[in-house]
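Please open the structure in your viewer and keep the selection tool at hand.

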Amino acid sequence: MPLLHRIVRQNEVPLHFVLNGKPCEGRRGDTLLSAILTVDDMLRPSDFTQEPRAGFCQMSACQDCWVTLESGERVRACSTPLAEGMKVITGAGERA
Ligand code: FES
């Protein structure tokens, strides 16, 4: 079950992305973090306790939300706009 439920911009233009190999849909104006958390229950497991993490500061300061793009580039999910066709790997993907 997703951690977040979209209550605004439900009719905004859909953007398709792939999360850990799974086709997903977000909305124009989403950050990667908001798009991911509307389709999954966490961003990644904690490096130390394996407890679920979902970002912390939401303002590009804590570095809790690093994800990897298909290109190999690491980006902060909370400050990266979702774009059509993005392929994203999270820590959760590394468990698969
Ligand atoms: S949630 Fe803190 S940097 Fe992204």
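Which residue in β7 is the bridge partner of Leu19? Select Leu19 and look across to β7: the partner is Val88. Please bear in mind throughout that this is a predicted model.

Next, select residues 14-19, which form strand β1, together with residues 22-27, which form strand β2. The two strands run antiparallel and are joined by six bridges. To inspect one of these pairings, highlight Pro14, whose bridge partner in β2 is Arg27. Then move to the turn: β1 and β2 form a hairpin with two residues between them. In that turn, Asn20 has a positive phi of about 50°.

**Strands β5 and β6**

Now select residues 66-69 for strand β5 and residues 74-76 for strand β6. These strands pair in the antiparallel sense over three bridges. Within this pairing, Thr68 has Arg74 as its bridge partner in β6. The hairpin of β5 and β6 has four residues between the strands, and Gly72 takes a positive phi near 95°.

**Return to β7**

Finally, display β5 with β7, which pair in the antiparallel sense over two bridges. Select Leu69 and find Val88 opposite in β7. Val88 was also the partner of Leu19 at the opening of the tour.

Note on methods
Residues are numbered from 1 along each chain as its sequence is written. This is a predicted model: local features need pLDDT of at least 70, side-chain atom pairs count only at pLDDT 80 or more; totals for chains, interfaces and linings use all residues. Two strands pair if DSSP finds at least two bridges between them.
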